Amino acid sequence: MRVLLFSIFLFSSFIIDAKTLLIGNNYFYKKIKLALNDAVNGDTIIVEKGFYKEGNIVIDKSVFLLGKDFPVLDGEKKFEVLTVKANYVTIKGFIIQHSSYAVLDDPGGIKIYNSSYVTIQNNQLFDNFFGIYIQESKHCIVKDNKISALIKTEQEIGNGVHCWKSDSLQIIGNNISGNRDGIYFEFVTNSIIWRNISCNNLRYGLHFMFSHNDSYITNIFKNNGAGVAVMFTKKVTMMNNTFENNWGDSSYGLLLKDISDSYIATNKFYNNTSGIYIEGSNRLLIEKNIFEANGWGMKIQASCMDNYIEKNNFIGNTFDVSTNGTLVLNTFNENYWDKYEGYDLNKDNVGDVPYHPLSLFSVIVENCPPAMLIYRSFIVTLLDKSEKILPSLTPENFIDNKPLMRAIKL
Amino acid sequence: MNRIIKFIILDILKNKIVLAYTILLAAFSWSAFSLEDGSTKGVLTILNIILLIVPLVSILFATIYIYNSSEFIELLLSQPIHRNKIWLSLFIGLSISLLSAFLIAAGIPLILFAESLVGFMMIVVGCLISTVFIAIAFLSSILSRDKAKGIGISILLWLYFALLFDGLVLFLLFQFSDYPIEKMMVGITASSPIDLARILILLHLNVSAMMGYSGAIFKDFFGSNLGLFIAFMLLICWILFPFLLSLKIFNKKDL
């Protein structure tokens with residue numbers, strides 16, 4: 001017992017031993033770098049409100065770096081602002097701005113090198129080349145930050161949250177705008193992207209490659225140059241996200257390229273040129289999504305196989321679906337199509353006539369895009385109607401056998 | 001001239017067909033908006049009416065009316081009135097009655113239910129289309145003294161603009177799909193008033209679908225203020241050209 005008490009006392013004395021260093025004009029430490037020099041692992045550094053131009057600040061100890069009333073750390077367009085090279089670092093409550101610009105080393109507002117358990121929370125990053133850059137790190141949390149940049153050309157600006165070759169990251173509740181890609185994932189596994197808002201970025205709201213076993217949930221991707229791209233990945237979960245207002249010739253709400261074994265559910269695709277564009281993807285389950293007011297609700301290329309598209313609402317899209325070939329290896333079932341004109345005699349909410357969602361005109365436009373000019377002309381309506389009754393040009397097995405009569409409540 | 005116009009309008013009112021047209025059009029438009037759940041579908045129904053029914057009624061009614069008032073025209077010609085005035089007041093009288101029918105029947109629901117910009121656009125375009133087809137009716141009815149032939153020409157012209165033209169465009173698109181024909185297509189659509197009207201409205205409706213490459217070229221042209229101005233001018237040309245031609249023939253014609 002005595003030994004136990006003693007050990008508890010000994011242990012707690014270690015915790016108490018961690019000291020707090022205050023930085024500001026009225027304190028002993030005027031500069032963050034000096035305090036960092038004197039700090040040891042476990043110390044807390046509190047930075048008072050002020051304007052700090054200290055070049056590149058390297059954090060190589062496990063410290064809590066806390067800003068009081070948002071002190072400003074400025075990189076003067078010459079330095080990377082904060083560099084983290086230690087585990088268990090927390091950075092909280094700063095305004096971090098004007099990092100340098102360099103194509104070779106990709107400097108960032110905050111850059112984490114080979115570290116674990118780093119938390120970056122409640123900071124405002126403004127006009128940096130990269131906002132937060134995480135490389136070869138594990139178990140890091142990026143939470144509630146506001147990352148913005150002035151719109152320039154794609155070459156002049158980096159990504160908002162850039163993650164490379166990492167594992168078990170949590171990107172939560174950030175607000176990202178005006179960067180090249182809002183969130184960039186490459187070789188990042190077992191991570192979650194949750195409750196972020198990524199809008200007005202030059203290229204993608206979320207750019208996602210070779211990142212297996214990740215989830216992104218309840219994010220909003222809006223007004224991005226080319227929407228969201230998810231590529232070369234397996235086992236991704238995409239739920240409850242909103243993809244909105246991504247307009248342009250090669251712009252998609254969600255671009256899926258070579259994705260397999262993934263789950264896409266309860267997302268909302270609103271007002272995009274194409275809601276989802278799927279290419280070379282296998283074994284996806286796409287269910288309970290809303291496709292509304294898109295040019296194309298879903299463009300599913302003939303290179304896709306064994307995908308299940310079930311229980312989605314297709315409402316007010318110019319074209320609900322389109323494809324580029326006659327081979328159909330995907331299954332459509334129990335979706336609601338607002339263009340469906342069948343009937344339901346036994347009132348079980350399932351239409352008695354199978355529905356061909358692929359209109360002749362969408363096939364014509366796929367083959368000859370300028371044909372969009374005669375959209376909604378009487379001749380097109382006429383052709384579409386006759387094709388619906390006797391399919392000749394559209395693949396006959398592109399069919400929803402159980403179209404729903406009413407939209408699914410989601 | 002005002003008295004002639006007044007007389008023509010009263011005459012058209014007396015014959016009740018325009019009244020029936022107003023009621024039918026109103027029934028269509030109101031039910032389009034009240035039956036469909038979203039206003040977009042209602043707008044699309046009215047778009048179809050503007051592109052099909054309005055031209056058909058305008059051209060047929062105007063042609064038949066001109067043929068039927070040949071005796072009235074002859075009577076007027078015996079008076080000391082300039083021929084220009086007679087023909088013009090006939091045109092204005094017909095236009096006013098058919099336009100007010102359209103405005104009352106389709107205009108009010110459009111203002112009430114549709115988005116303001118789209119609704120306004122559709123009203124303006126609908127009025128222009130009505131007038132274009134009245135002008136075409138004047139031309140086809142002056143071309144031949146034979147009533148059956150004149151009405152036949154009118155029906156054929158309507159068929160051509162409403163149906164055949166788009167078929168031809170589709171055919172051309174497929175024949176020349178290997179070439180960059182988008183810009184040429186802008187010119188070709190200008191040669192049909194119905195296509196001009198359709199594209200003007202579509203650019204305000206289905207923006208997302210028109211964002212493809214060819215759509216972008218169209219949007220660049222018709223979406224800009226200059227393009228919008230040119231498109232409206234073209235529609236006005238479609239009124240002026242047939243009417244002035246018919247006026248020229250009327251002035252010289254031995255009736």
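This briefing describes chain B, its contact with chain A, and two residues of chain A. The structure is a predicted model. Chain B has eleven helices and zero strands, and 32 of its residues are in contact with 23 residues of chain A. Helix H3 of chain B, residues 39–68, packs against helix H5 of chain B and also against H9(B).

**Overall form of chain B**

- From the N terminus on, the elements of chain B follow the order α-α-α-α-α-α-α-α-α-α-α.
- The radius of gyration of chain B is 19 Å, which agrees with the value near 18 Å that a compact globule of 255 residues would have.
- Taken along the principal axes, the box filled by the C-alpha atoms of chain B is roughly 60 × 45 × 30 Å.
- Of the 255 residues in chain B, 43% are buried.
- When contacts in chain B between residues at least 6 apart in sequence are considered, 78% of them join residues at least 24 apart.

**Helix packing around H3(B)**

- Two packed helices are described by the angle between their axes and the distance between the axes.
- The axes of H3(B) and H5(B), the latter spanning residues 83–113, come within 11 Å and cross at roughly 165°.
- Angles over 145 degrees count as roughly antiparallel, and H3(B) and H5(B) are therefore roughly antiparallel to each other.
- The crossing of H3(B) and H5(B) is right-handed.
- Residues of H3(B) that take part in the contact with H5(B) include Ile46(B), Ile49(B), Phe61(B) and Tyr65(B); on the side of H5(B), the residues include Leu94(B), Leu98(B), Phe102(B) and Phe113(B).
- This contact of H3(B) with H5(B) is made up of 14 nonpolar, three polar and no charged residues.
- H3(B) and H9(B) pack at an angle of about 170°, and their axes are 11 Å apart; H3(B) is thus roughly antiparallel to H9(B).
- In the contact between these helices, Val43(B), Leu47(B), Ile50(B), Leu51(B) and Pro55(B) of H3(B) meet Ile194(B), Ala197(B), Arg198(B), Ile201(B) and Leu205(B) of H9(B).
- The residues of the contact of H3(B) with H9(B) comprise nine nonpolar, no polar and one charged.

**The side of chain B that touches chain A**

- In total, 32 residues of chain B are in contact with 23 residues of chain A.
- The elements giving two or more residues to this side of chain B are H3, H7 (147–175), H8 (182–189), H9 (193–205) and H10 (213–223) of chain B.
- H7(B) provides the largest share, eight residues.
- The residues on this side of chain B divide into 19 nonpolar, ten polar and three charged.

**Ile374(A)**

- Ile374(A) lies in the loop between helix H3 (360–367) and helix H4 (378–389) of chain A.
- Because 26 other C-beta atoms lie within 10 Å, Ile374(A) is buried.
- Leaving aside neighbours within four places in sequence, Ile374(A) is in contact with Ile379(A) and Val380(A), and with Asp166(B), Val169(B) and Leu170(B).
- Ile374(A) and Phe361(A) are 13 residues apart in sequence, and their C-alpha atoms are 9.6 Å apart in space.

**Cys199(A)**

- Cys199(A) is located in strand S21 of chain A, which covers residues 197–199.
- Cys199(A) counts as partly exposed, because it has 18 C-beta neighbours inside 10 Å.
- Not counting residues up to four places away in sequence, Cys199(A) touches Ser177(A), Gly205(A), Lys222(A), Asn223(A) and Asn224(A).
- From C-alpha to C-alpha, Cys199(A) and Lys388(A) are 39 Å apart in space, and they are 189 residues apart in sequence.

Conventions: Residues numbered from 1 in each chain as written. Chains lettered and ligands numbered in written order. Predicted model: local features only at pLDDT ≥ 70, side-chain atom pairs only at ≥ 80, totals over all residues. Axes fitted to C-alpha atoms, helices over the stretch in contact; angles between N-to-C directions. Helix = DSSP H or I, 4+ residues; strand = E, 2+ residues; numbered from the N terminus. Parallel < 35°, antiparallel > 145°, perpendicular 65-115°, else oblique. Left-handed = near helix turned anticlockwise from the far one by under 90°. Contact = placed C-beta atoms within 7 Å. Nonpolar A, V, L, I, M, F, W, Y, C, P; charged D, E, K, R; others polar. Rg over C-alpha atoms; globule rule 2.2 N^0.38 Å. Buried ≥ 20, exposed ≤ 12 C-beta atoms within 10 Å, placed from the backbone.
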